[in-house]
Amino acid sequence: MAKVIVNDIEVEADAKDNCILAARKAGVEIPHYCWHESLSVVASCRMCLVEVGEKKPDGTVVMGPKLVPGCQTPVKEGTVIRTDSAKVKTTQQMTLELLLLNHPLDCSICDQAGECYLQDYTYKYGKAQSRLDEPKLQRVDKYHIGEQIALFTDRCVMCTRCVRFTREISGTAELQVVNRGSHEEIDVFPSEPCNNKLAGNVVDLCPVGALCSKDFLYKKRVWWLKNAGSVCTGCSTGCSIHVDQNEDKVYRLRPRENPLAQGHFMCDEGRFGFKYIHDERRLKTPKVNSSAVIDTNAQKSKTNGTSDLNFADPWLEVLSVTRTKIKEAIKTDARGFVGVLSPFMTLEEAYLLASYLKGLDKRVRLALGPVPVVGKDDKYPKGPKGESPAQEKVKFTIRAEKCPNRLGVEAILKHFEGEVVTLEQVASKGDSTAWYFVGGSSQGWVTEATDRAVGKPSLLIVQDIFPSPLSERADVLLPSATFAERDGTYVNHSGLAQAAHGAVRCPGDARADGRILMELAERKGLFNAVALRKEIALNVPSLSALAVGDLGDHGVGVAVAKKEVVHS
Amino acid sequence: MTTKKQKTVKWGEEPKIGWVEAMYLPAIASGVATALKHAFSGKPTTRQYPDVEPEIPPNYRGVHRLNRDEAGRVKCVACYMCQTACPANCIEIIAAPAPKDDPHWKDRDKFPETFTIDELRCIYCGMCEEACPVDAIELTSIYDLTGMTRAEMVFDKEKLLSVFDETSTTGKDPIRTHRGALGPASEEAASAKQGPPPPGRGRHG
């Protein structure tokens with residue numbers, strides 16, 4: 001630790017910090033474009049120029065004669081940083097005036113407007129007028145940069161964050177700077193577009209509106225978007241994300257910085273893989289016995305023909321029928337009743353279902369649903385020939401295990417069942433007579449083998465988001481929610497339990513799994529993830545770290561991680 | 001009218017107010033005098049609407065119009081400023097990338113695919129006009145808006161453009177005074193005779 005004085009505020013900074021980080025600890029913002037915490041330092045934008053000096057042991061302060069880039073200057077004991085002197089402020093104004101020389105000022109059509117660092121810094125540190133009389137340089141927009149990326153060349157401030165990202169994090173090095181001086185531009189080699197699996201991150205990295213996501217282009221102005229902190233459910237890395245939504249429609253996912261989970265980035269698979277939330281094929285109506293559709297609203301309006309405003313709750317009847325059926329099935333053959341918990345469930349949901357079924361009869365069996373594994377773990381940065389890096393150099397991993405919470409659900413299963421039994425193991429015994437399936441996967445998880453193994457049970461309950469062979473012949477169908485629609489906790493590959501918050505409401509009559517299970521189990525009150533976490537921590541020793549309730553932005557580690565499974 | 005650009009904003013001059021007028025006493029006195037004159041003149045002063053249409057001042061805030069640029073395209077760039085400023089939530093825009101292959105749209109990046117204003121929900125405050133950075137939306141002096149259904153009163157892009165065609169050909173262009181100052185992105189602001197007002201002279205300055 002080193003004692004640093006930023007604008008007369010004394011702070012304890014880390015010896016590895018640069019001036020920007022040290023000032024941040026003092027609550028002082030040093031504006032910067034090219035510097036990014038996880039990229040190398042180039043000190044090219046000149047926005048972070050500050051006065052740096054030293055406080056000698058005898059108390060005298062000696063300031064350096066010229067301004068230095070804060071991003072490149074490490075701090076040590078007694079470093080003095082000044083960001084509020086007239087010299088610094090004038091320099092900031094001049095830097096911004098130069099950065100804006102050829103900027104087209106087309107904020108009105110720029111997607112970045114509202115979250116643009118050029119706008120923010122100009123407002124805070126800039127001066128309103130440009131003294132340039134010459135016509136501005138006009139450049140051609142490049143839509144060929146990548147499948148998901150468009151470059152609005154004239155908005156670029158040449159911070160080269162994107163170039164450094166493709167060289168240092170993804171290792172694919174598609175992007176580069178071409179030409180010189182004020183004709184510098186970002187470009188790709190001909191017919192070598194930037195389509196790597198991490199390419200979407202350059203859009204987030206771009207501090208201005210130069211690199212835009214084609215997927216989000218002109219869809220929504222960012223000031224309409226509200227975000228909820230969530231966790232990507234695409235793989236077991238469990239990237240922390242922001243879910244940006246407006247009026248119950250999710251527009252984009254953005255990575256949320258989390259040093260404990262994935263760092264600053266996320267993969268394109270997760271970033272653009274949220275579209276299934278708004279898929280037309282989603283299950284929307286709870287049903288009992290497939291044929292008898294309990295859509296009370298539709299029935300009532302059909303029978304009396306007048307009232308369209310009958311908001312009767314179809315779930316009341318469905319859930320009470322389900323409860324009776326479960327109890328009947330357990331009474332007939334408790335050992336034959338199998339609850340299948342999917343690795344897409346949150347800890348809370350797995351706990352609710354497991355404790356409900358085990359509470360009815362100890363002999364009820366619980367199994368782990370299919371865990372999707374696709375290919376091998378994909379590690380970055382890639383080498384020059386696309387080869388994976390050595391283990392100690394890995395900066396980002398897209399994991400082969402395409403589900404968010406296998407470890408968490410396994411911890412619940414171990415607690416209630418003593419061991420983790422897979423669906424195949426239970427099915428192969430062939431002695432099950434009733435099933436409670438929970439799905440939640442965006443991909444079809446019901447294979448032909450699963451379908452055959454389930455056979456013709458006396459009771460088949462399916463709680464899922466998409467129709468499947470099982471949901472079509474289910475006795476009870478409970479339409480549930482995707483990750484964007486529910487609260488809960490996911491445990492990632494390393495045993496980090498992160499809280500996810502719902503961003504949108506479910507389509508139609510579908511409901512968040514937690515709410516369905518709370519009502520099914522006839523528990524008092526509403527679903528509350530914090531309260532449930534505390535309850536889980538009391539009852540499941542391996543998850544006792546959840547006792548804090550509120551897991552914060554970064555989550556807490558739980559003692560469930562065994563040696564990491566590497567699919568390679 | 002400049003040779004290249006077709007001007008869509010017509011500028012008017014606000015009357016200068018001296019200290020006598022600023023007291024409002026002469027105006028009150030003349031108002032009372034008018035009222036007394038009419039009260040004792042014995043002549044009917046009822047307006048014979050609709051037989052005689054009233055003279056509407058050009059800065060009246062009536063039905064909206066969407067202006068066209070010099071190429072006849074919709075001038076709006078779909079920045080959503082009006083929708084953001086609208087206190088009645090009556091504007092709805094869906095933006096789209098401009099058709100880049102079409103030479104007619106080559107120099108444009110973004111345009112409104114749909115632009116609807118619910119004229120029934122609108123409170124005619126003129127905030128959209130003030131917020132617009134490119135002078136695309138304006139309130140005209142058309143005041144007699146009628147319709148048989150609610151749906152008819154939701155104006156879409158075509159309808160709003162037709163209001164522009166109608167008002168610009170019949171010389172009913174709305175007028176701007178320097179109180180409704182134009183934004184810095186406006187082409188008209190630079191080409192207007194007096195230019196945009198110096199900072200501190202606007203409505204909020």
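Predicted model: local features only at pLDDT ≥ 70, side-chain atom pairs only at ≥ 80, totals over all residues.
## A quick tour of chains A and B

Residues are numbered from 1 along each chain as its sequence is written, and chains are lettered from A and ligands numbered from 1 in the order in which they are written.

**Around B:Lys16**
- You'll find B:Lys16 in the loop between β1 (10–11) and α1 (19–22) of chain B (helices are DSSP runs of H or I with at least four residues, strands are runs of E with at least two, and both are numbered from the N terminus).
- From B:Lys16 to B:Lys100 it's 84 residues in sequence and 48 Å in space, C-alpha to C-alpha.

**Where the chains meet**
- Chain A puts 6 residues in contact with 13 residues of chain B (contact means C-beta atoms, placed from the backbone, within 7 Å).
- Chain A's side of this meeting has 4 nonpolar, 1 polar and 1 charged residues (Ala, Val, Leu, Ile, Met, Phe, Trp, Tyr, Cys and Pro count as nonpolar, Asp, Glu, Lys and Arg as charged, and the others, Gly among them, as polar).

**Domains of chain A**
- Chain A is assigned domain 1 (2–88), domain 2 (98–278) and domain 3 (324–557), with bounds that come from an automatic or database domain assignment.
- The centres of domain 1 and domain 3 of chain A, taken over C-alpha atoms, are 48 Å apart.

**A sheet in chain A**
- In chain A, 3 strands make an open, antiparallel sheet in the order β11-β12-β13 (strands pair if DSSP finds at least two bridges between them).
- β11 (226–231) and β13 (249–255) of chain A each have a single partner strand, so one side of each has no neighbour in the sheet.
- β11(A) is joined to β12 (residues 240–246) of chain A by 6 bridges, and A:Lys226 stands opposite A:Gln245 in β12(A).

**Two helices in chain A**
- α2 (residues 86–99) and α3 (residues 117–125) of chain A pack at about 145 degrees, with axes 10 Å apart (axes are lines fitted to C-alpha atoms, for helices over the stretch in contact, and angles run from 0 to 180 degrees between N-to-C directions).
- A:Gln92, A:Gln93 and A:Leu96 in α2(A) meet A:Tyr121, A:Thr122 and A:Tyr125 in α3(A).
- That contact of α2(A) with α3(A) splits into 3 nonpolar, 3 polar and no charged residues.

Terms used:
Contact = placed C-beta atoms within 7 Å.
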